[in-house]
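These are my notebook entries on what I looked up, written in the order in which I went through the chains.

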Amino acid sequence: MVIIMQNKLKDNSVGIVLPKTVEIKYGLQLDCGKNLENFSLTYETYGELNSKKDNAILICHALSGDHHAAGYHSVADKKPGWWDSCIGPGKPFDTNKFFVVSLNNLGGCKGSTGPNTVDKKTGNEFGPDFPIITVNDWVNSQKLLADYLEIDTWACVAGGSLGGMQALQWAISYPSKIKNSIVVASAAKLSAQNIAFNEVARQAIITDPDFHDGRYNNFGVVPKRGLSIARMLGHITYLSDDSMRQKFGRDLREGKLHFGYDVDFQVESYLRYQAQAFVERFDANTYLLMTKALDYFDPAKEYNGDLSIAFENTQSRFLVVSFTSDWRFSSSKSHEIVKSLVKARKNVSYSEIESNNGHDAFLMPIPNYLGVLKNFIDNIL
Amino acid sequence: MNRKDFKIIAEWIQKDSTVLDLGCGDSTLLDYLVSNKNISGYGFEKDIDEVQESIKKNINVIQSDFNTGLAEYIDSNFFDYSIMTQALQENKNPDHIILEMVRVSREGIITFPNMGFWKNRLQLGLGRMPISKSLPNQWFDTPNIHLCTLNDFEKLCEDLKITILEKKVLNNRYSSNLLLKILPNFFGEIALYRFKKY
């Protein structure tokens with residue numbers, strides 16, 4: 001155990017971290033019209049807040065992420081947090097210099113108030129009655145977390161995919177409370193194709209006989225099949241044709257075809273394994289909610305579809321990053337953001353990183369990607 | 001800052017103006033213009049290593065090939081100046097780029113190596129493609145696919161209905177002399193032009 005621990009620490013890791021939970025006693029007015037009173041947010045922090053309190057960075061998670069962005073919860077953990085490649089001593093989000101905050105968003109299933117927590121008003125689990133949360137709602141809830149942590153202004157808000165949408169929304173909603181916004185493999189709005197993928201995922205879950213209109217916990221079951229299929233579909237869209245060819249090709253799991261409908265190819269085995277692991281750690285109602293938050297995001301909507309007007313009052317610097325092989329959040333979606341920021345005459349840099357890892361590239365330690373992040377973040381303080 | 005052509009360019013640029021640098025490299029020029037002329041603007045650069053250096057300097061850089069990127073990102077008459085240093089000859093369609101420059105900005109500034117420089121003429125006269133300080137590559141591995149002389153450039157501007165506002169011709173030490181002033185297309189190695197539409 002001690003040896004594992006030492007290896008992990010040597011690897012520029014933030015080491016063992018413990019999540020915290022804060023009760024926010026405040027009525028949050030949601031975009032859907034409902035009011036969420038008194039909710040809790042689970043979060044982790046890495047590094048130290050300095051005396052000026054100007055070195056805080058907020059990390060926003062994507063669809064299936066949570067507050068555990070870096071380090072390990074215990075020495076027995078096989079994997080570190082989801083953005084460990086970028087957060088730690090000497091890494092782009094350098095914890096020797098910055099105080100990094102990462103939270104589980106409202107509606108999540110890892111500690112923050114969401115469908116699988118108990119509604120204190122009724123004494124029952126929220127389940128499907130949990131209100132639909134938008135990116136804008138998340139940003140408002142994150143502002144309350146900032147207030148609790150006595151952080152007036154974020155040195156930076158950063159995220160990939162759905163997390164990047166939050167970084168954009170922060171710059172729009174609280175222009176004077178964010179100095180830098182890092183938007184990776186994201187979009188200012190989803191394409192019809194992207195919404196379509198989300199709809200297939202939702203239908204897989206909702207039509208699972210074990211779904212029970214979202215009250216599956218009352219029946220002691222989980223819509224495993226639906227959630228598995230949703231995850232498999234998602235997973236395929238997060239990889240590229242190239243990376244799947246390299247990783248699996250047409251390799252057979254047992255060296256021969258079975259002439260049946262069970263697993264023949266390695267790629268099938270991989271998808272089933274990933275789906276199984278996901279079902280054990282994720283909640284179906286949260287998955288539905290997260291996909292809706294993705295679909296609804298469109299900050300330009302209230303400005304006649306003109307994104308540059310949505311950016312007009314922003315004050316932060318922006319870094320936008322995309323990956324060449326990402327087709328779920330293609331580079332053209334990032335171009336749209338960059339074009340609108342230029343049009344609004346905002347400070348923005350953009351890099352399109354060569355990678356064959358598809359959308360998942362934003363989680364990976366690709367040298368040019370880490371370099372771009374590091375060079376940008378090093379100028380923050 | 002060791003490139004004298006950058007100093008000349010800076011003299012041509014008004015304080016507090018907006019600038020677009022096409023093929024900005026490591027953004028040395030933009031950095032210089034920010035410090036000395038308080039400009040704001042962006043660089044276009046397709047090479048990731050140069051993009052890294054630009055971001056390190058805190059300069060706005062857009063990783064994109066400006067041959068396609070200009071049309072995609074930049075509205076007409078958006079900048080005061082667009083600049084392209086020592087890259088005209090590397091373009092597939094130099095005429096198209098020049099027109100794009102006057103579309104997106106009030107004035108364009110271009111620098112390029114003069115193919116009409118006497119040493120180039122001499123080498124060609126002796127039967128070999130020219131190689132010099134400003135044209136260091138062999139014919140088979142050069143990025144320079146559209147070299148021109150001062151006269152060629154001025155003729156193209158005339159054809160494109162572009163007005164040349166100012167012109168400087170320098171030797172490879174980026175300085176001028178009497179010979180250069182009398183016979184620029186023969187003695188000039190590097191040309192700088194400032195121009196606008198009509």
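**Entry 1: overall size.** What radius of gyration would a compact globule of 381 residues have, and what does chain A have? I found that such a globule would have a radius of gyration near 21 Å, and that chain A has 21 Å, which agrees. The radius is taken over C-alpha atoms, and the globule rule is 2.2 Å times the number of residues to the power 0.38. I then looked up the extent of chain A, whose C-alpha trace spans about 65 × 55 × 50 Å along its principal axes.

**Entry 2: what I am reading.** I noted that this is a predicted model, in which local features need pLDDT of at least 70, side-chain atom pairs count only at pLDDT 80 or more, and totals for chains, interfaces and linings use all residues. Residues are numbered from 1 along each chain as its sequence is written, while chains are lettered from A and ligands numbered from 1 in the order in which they are written. The pLDDT is the predictor's confidence in each residue, from 0 to 100; for chain B its mean is 94, and 99% of the residues of chain B reach 70 or more. For the complex, I read an ipTM of 0.94 and a pTM of 0.96 from the predictor.

**Entry 3: the make-up of chain A.** I counted 11 helices and 10 strands in chain A, where helices (H or I, at least four residues) and strands (E, at least two) are DSSP runs numbered from the N terminus. Of its 381 residues, 50% count as buried. A residue is buried if 20 or more other C-beta atoms lie within 10 Å of its own, exposed if 12 or fewer, and partly exposed in between, with C-beta atoms placed from the backbone. Among the contacts in chain A with a separation of 6 or more, 70% are between residues 24 or more positions apart; two residues are in contact if their C-beta atoms, placed from the backbone, lie within 7 Å.

**Entry 4: two strand pairs in chain A.**

Next I looked at strand 9 (residues 317–323) of chain A, which pairs with strand 10 of chain A in the parallel sense over 6 bridges. The bridge partner of F318(A) in strand 10 of chain A is V348(A). Why is strand 10 (residues 348–353) of chain A largely enclosed by the rest of the structure? I found that 6 of its 6 residues are buried, so the strand is largely enclosed. Both of its faces are covered, with V348(A), Y350(A) and E352(A) buried on one side and S349(A), S351(A) and I353(A) buried on the other.

**Entry 5: helix 10 of chain A.** I checked the length of helix 10 (residues 331–343) of chain A, whose 13 residues should span 18 Å at 1.5 Å a residue, and its end C-alpha atoms are 18 Å apart, which agrees. The expected span is 1.5 Å times one less than the number of residues. Its buried residues include I337(A), V338(A), L341(A) and V342(A). The helix is followed by R345(A), whose phi is positive, near 55°.

Entry 6: N136(A) lies in helix 2 (residues 135–148) of chain A, and I noted it as partly exposed, with 19 other C-beta atoms within 10 Å. Not counting residues up to four places away in sequence, N136(A) touches D31(A), Q169(A) and S173(A). H212(A), in the loop between helix 4 (192–206) and helix 5 (224–238) of chain A, has a positive phi near 50° although the residue is other than glycine.

**Entry 7: chain B and the contact.** Chain B has 9 helices and 7 strands. Its radius of gyration is 16 Å, close to the 16 Å that the globule rule gives for 198 residues, so chain B is as compact as a globular protein of that length. The contact takes 15 residues from chain B and 17 residues from chain A. On the side of chain B that touches chain A, helix 3 of chain B gives the largest share, 5 residues.

Technical notes
Pairing = 2+ DSSP bridges.
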